[in-house]
There are 2 protein chains.
Amino acid sequence: MSQKIYDGKAISHLISNVAEDELCDLAELFKVFGDSTRIKILYDLINGEKNVTEICADLEMNQSAVSHQLKLLKSSKLIGSRRAGKQIIYFLADDHVKTIIAMGKEHIEE
Amino acid sequence: MSQKIYDGKAISHLISNVAEDELCDLAELFKVFGDSTRIKILYDLINGEKNVTEICADLEMNQSAVSHQLKLLKSSKLIGSRRAGKQIIYFLADDHVKTIIAMGKEHIEE
DNA sequence: TGAACACATGAATATTTTATCATATGTTCA
DNA sequence: TGAACATATGATAAAATATTCATGTGTTCA
């Protein structure tokens, strides 16, 4: 909103409104990764696409809970899906997911 | 727990218990980035260390809320602190924070 | 067509998380 | 020492989120 005078130069406020929106989007993105069910799903899909039943089996979780999280992951554009007969096949939307997870693992293992 | 036989090879369950713990740790890490207040603090500190009052001013948030989040960030080892007289100065613990944020930004801007 | 299967979804509940309020702790300096 | 300042913290209230349950929708196949 206002500006600060610092070292003789007018600099915009560190977190201007535009940056603030960007940071909120970032938080939204990380929030998606910040749930163990969702990250397990993402990790599960690294090995290739799977249908809902397979994912439920891998996570040992009930179908409804998994479907709800799949929906959230899809609306976040992290996964995509296609129908194959009775089944819906889910897959990672792009390589960013792998990169971000790898990044996090690296941090943890430091 | 059990193993699956796939393509003639015994492979451990995709999400074995050990991997499961690792994934939960990962979720914990991302959860920290997944809050707008915390990510604003982290972003604020990219420009250099700051005391609590400065951070509060930058975020336009009350001191108690900020302190609570600082505590969480510190317990997650993402920031460190030192005392300087009456003030406590906070700073990013390492470069991973910058990298992870950059990573996320890249994904968003795709 | 209708039964069986695979998945989605709305509502309710349970759980977790965040901000606020009041107050406590630690430091400086007159 | 004690007042003023900077920060931390416990408790509580408020908000957001996840899971469960019941049920709905879409597809296959006999």
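This is a predicted model: local features need pLDDT of at least 70, side-chain atom pairs count only at pLDDT 80 or more; totals for chains, interfaces and linings use all residues.
**View 1. The interface between chain B and chain A.**
In this view, 43 residues of chain B are in contact with 43 residues of chain A. The size of an interface is often given as the accessible area lost when the parts come together. Here the area buried between chain B and chain A is about 3900 Å², and carbon and sulfur atoms give 72% of this area.

Side chains of opposite charge can pair when their charged atoms come close. Across the interface of chain B and chain A there are 4 salt bridges. One salt bridge joins the side chains of A:Lys40 and B:Glu20, with an N to O distance of 2.8 Å. The interface of chain B and chain A also holds 4 residue pairs in polar contact, with both residues at pLDDT 80 or more.

**View 2. The side of chain B that touches chain A.**
Four elements of chain B, namely helix H1 (17-33), helix H2 (36-46), helix H3 (52-59) and helix H5 (96-108), each supply at least two residues of the side that touches chain A. The largest share of this side, 11 residues, comes from H1(B). Sorted by class, the side of chain B that touches chain A has 19 nonpolar, 16 charged and 8 polar residues.

**View 3. The sheet of chain B.**
Three strands of chain B form an open sheet in the order S3-S5-S4, and their pairing is antiparallel. Strand S3 (50-51) and strand S4 (79-84) of chain B are the edge strands, since each pairs on one side only. Between S3(B) and strand S5 (residues 87-92) of chain B, the antiparallel pairing extends over 2 bridges. B:Asn51 has B:Ile89, in S5(B), as its bridge partner.

**View 4. A helix across the strands of chain B.**
Helix H4 (residues 63-75) of chain B lies across S4 and S5 of chain B. The direction of H4 is at about 120° to S4(B).

**View 5. A salt bridge within chain A.**
Over all chains, the structure holds 12 salt bridges. In one of them, the side chains of A:Arg82 and A:Glu49 meet at an N to O distance of 2.3 Å. A:Arg82 lies in strand S4 (residues 79-84) of chain A, and A:Glu49 lies in the loop between helix H2 (36-46) and strand S3 (50-51) of chain A, so the pair ties together parts that are 33 residues apart in sequence.

How values were computed: Residues are numbered from 1 along each chain as its sequence is written. Chains are lettered from A and ligands numbered from 1 in the order in which they are written. Side-chain values use heavy atoms; hydrogens and water are left out. Contact means heavy atoms within 4.5 Å. Buried area is the accessible area (1.4 Å probe) that two parts lose on being put together, summed over both. A polar contact is a pair of N or O atoms within 3.5 Å; within protein, one must be able to donate a hydrogen and the other to accept it, and residues adjacent in sequence count only if both atoms are side-chain atoms. Ala, Val, Leu, Ile, Met, Phe, Trp, Tyr, Cys and Pro count as nonpolar, Asp, Glu, Lys and Arg as charged, and the others, Gly among them, as polar. Two strands pair if DSSP finds at least two bridges between them. Axes are lines fitted to C-alpha atoms, for helices over the stretch in contact, and angles run from 0 to 180 degrees between N-to-C directions.
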